Amino acid sequence: MPDFTHLDSEGKAVMVDVGGKAQTSRQAIASGKIFMGAECFRKVSDGSVEKGDVLSVARVAGIMAVKQTPSLIPLCHPILVEKAEIAFEVSKADLSIQAICTVKTTGTTGVEMEALTGASVALLTIYDMCKAIDKEMEIGSICLQAKTGGKSGDFFRNRGTLNDA
């Protein structure tokens, strides 16, 4: 049976005690995609969405979300975020925009949830700013691409390297 660290011996929810853990450098990269119709994709790409520069606003929203993760995810530790970055990969081939969130810290707990939250909110912001153009947009493929540091060791989705994620 797996070790559920967020449950005490009686099965009650608890915040994990990270007090005795060593401070280590930690990084996580998460991503997700939003798919949209051709008109919406064109307007986002050429910056003609009436609400403004969609990707710039989504970038700021994603970074802000990283910092708010402990307020959104129960039992998530507040951490000192040393780096939060949102990048976008725009694909004309499948009319999608991939949000890639990178988060770094030095501490006693990881930043996977922060990276996942940042990518998710960046995508939700794109949806919000474009919903008047395309209500059929679809958000998906949100996942952890890589993480380094901590007790559980490094993880690289599909056996790549952190630089490939």
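These legends describe a predicted model, first as a whole chain and then in close-up views.

**View 1**
Read along the sequence, the elements follow the pattern β-α-α-β-β-α-β-β. The C-alpha atoms fill a box of roughly 55 × 35 × 30 Å along the principal axes. The chain has 165 residues, and buried residues make up 38% of them. Consider the contacts with a separation of 6 or more. Of these, 70% join residues 24 or more positions apart.

**View 1. Helices α2 and α3 pack against each other.**
Two packed helices are described by the angle between their axes and the distance between the axes. Helix α2 covers residues 54–72, and helix α3 covers residues 112–130. Their angle is about 140 degrees, and their axes lie 7 Å apart. Angles over 145 degrees would count as roughly antiparallel. The two helices are therefore oblique to each other. The crossing of α2 and α3 is right-handed.

**View 2. Residues from both helices make the contact between α2 and α3.**
On the α2 side, the contact is made by Val 54, Leu 55, Val 57, Ala 58, Ala 61, Gly 62, Ala 65, Val 66, Thr 69 and Leu 72. On the α3 side, it is made by Met 113, Glu 114, Thr 117, Gly 118, Val 121, Ala 122, Thr 125, Ile 126, Met 129 and Cys 130. By class, the contact has 14 nonpolar residues, five polar ones and one charged one.

**View 3. Gly 62 sits in helix α2.**
Is Gly 62 buried or exposed? Gly 62 counts as buried, at 0% relative accessibility. Leave aside residues up to four places away in sequence. Gly 62 then touches Ile 86, Gly 118, Val 121 and Ala 122. Gly 118, Val 121 and Ala 122 are also among the α3 residues in the contact with α2. Phe 88 is 26 residues from Gly 62 along the chain. The C-alpha atoms of Gly 62 and Phe 88 are separated by 11 Å.

**View 4. Thr 117 lies in helix α3.**
Thr 117 is buried, with a relative accessible area of 9%. Which residues does Thr 117 contact, leaving aside its neighbours within four places in sequence? They are Ala 65, Thr 69, Leu 72 and Ile 73. Ala 65, Thr 69 and Leu 72 are among the α2 residues in the contact with α3.

**View 5. Leu 123 is another residue of helix α3.**
Leu 123 counts as buried, at 0% relative accessibility. Not counting residues up to four places away in sequence, Leu 123 touches Gly 32, Lys 33, Ile 34, Ile 97, Ala 99, Ile 139 and Ile 142. Leu 75 is 48 residues from Leu 123 along the chain. The C-alpha atoms of Leu 123 and Leu 75 are separated by 24 Å.

Helix α1 covers residues 38–46. Its buried residues are Cys 40, Phe 41 and Val 44. Just after α1, Gly 47 takes a positive phi of about 75 degrees.

**View 6. Leu 95 lies in the loop between β2 and β3.**
Leu 95 is not a glycine, yet it has a positive phi of about 50 degrees. Leu 95 is partly exposed, with a relative accessible area of 25%.

**View 7. Ser 141 lies in strand β4.**
The strand covers residues 138–148. Phi of Ser 141 is near 60 degrees, a positive value in a residue other than glycine. Ser 141 is exposed, with a relative accessible area of 53%.

**View 8. Asn 158 lies in the segment after β5.**
Strand β5 covers residues 155–156. Is Asn 158 buried or exposed? Asn 158 is exposed, with a relative accessible area of 71%. Gln 145 is 13 residues from Asn 158 along the chain. The C-alpha atoms of Asn 158 and Gln 145 are separated by 8.4 Å.

Conventions:
Residues are numbered from 1 along each chain as its sequence is written. This is a predicted model: local features need pLDDT of at least 70, side-chain atom pairs count only at pLDDT 80 or more; totals for chains, interfaces and linings use all residues. Side-chain values use heavy atoms; hydrogens and water are left out. Axes are lines fitted to C-alpha atoms, for helices over the stretch in contact, and angles run from 0 to 180 degrees between N-to-C directions. Helices (H or I, at least four residues) and strands (E, at least two) are DSSP runs, numbered from the N terminus. Angles under 35 degrees count as roughly parallel, over 145 as roughly antiparallel, 65 to 115 as roughly perpendicular and the rest as oblique. A crossing is left-handed if the near helix is turned anticlockwise from the far one by less than a right angle, and right-handed if clockwise. Contact means heavy atoms within 4.5 Å. Ala, Val, Leu, Ile, Met, Phe, Trp, Tyr, Cys and Pro count as nonpolar, Asp, Glu, Lys and Arg as charged, and the others, Gly among them, as polar. Buried means under 20% relative accessible area, exposed over 50%, partly exposed in between (1.4 Å probe, protein chains only).
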